[in-house]
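Here is a short note on charge pairing in this model. Please read each point against the coordinates.

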Amino acid sequence: MVYLSDKQLADRFAVSRRTIWNWFDAGHFPAPVRLSRSVTRWRLADVEAFENERIAASAA
């Protein structure tokens, strides 16, 4: 399983790390997975599903 950090996601979407967390807090982004007390990541599969949903919604 592949995991992405908030930094990697910020680079992927060309936004700040804070924006990634704001999207999550607002319910507009997949939930992260806590791998340990100090490590939180997002599953790549969840992020790709989110992207595909956004693409489908914009095409409709």
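1. Basis. This is a predicted model, where local features need pLDDT of at least 70, side-chain atom pairs count only at pLDDT 80 or more, and totals for chains, interfaces and linings use all residues. Residues are numbered from 1 along each chain as its sequence is written, and side-chain values use heavy atoms, with hydrogens and water left out.

2. Count. Side chains of opposite charge can pair when their charged atoms come close. A salt bridge here is a side-chain nitrogen of Lys or Arg within 4 Å of a carboxyl oxygen of Asp or Glu. By this rule there are five salt bridges.

3. Arginine 17 and aspartate 6. Their side chains form a salt bridge, at 3.3 Å from N to O. Arginine 17 lies in helix H2 (residues 17-25) and aspartate 6 in helix H1 (residues 6-13), so the pair ties together parts eleven residues apart in sequence. Helices are DSSP runs of H or I, at least four residues, numbered from the N terminus.

4. Accessibility of that pair. Buried means under 20% relative accessible area, exposed over 50%, and partly exposed in between (1.4 Å probe, protein chains only). Aspartate 6 is buried at 13%. Arginine 17 is partly exposed at 46%.

5. Aspartate 25 and arginine 18. This is a salt bridge too, with the closest N and O atoms 3.3 Å apart. Aspartate 25 is exposed, at 54% relative accessible area. Arginine 18 is partly exposed, at 47%.

6. Aspartate 46 and arginine 43. The two side chains meet in a salt bridge at 3.0 Å, N to O. Aspartate 46 is partly exposed at 26%. Arginine 43 is partly exposed at 30%.

Methods. Helices (H or I, at least four residues) and strands (E, at least two) are DSSP runs, numbered from the N terminus.
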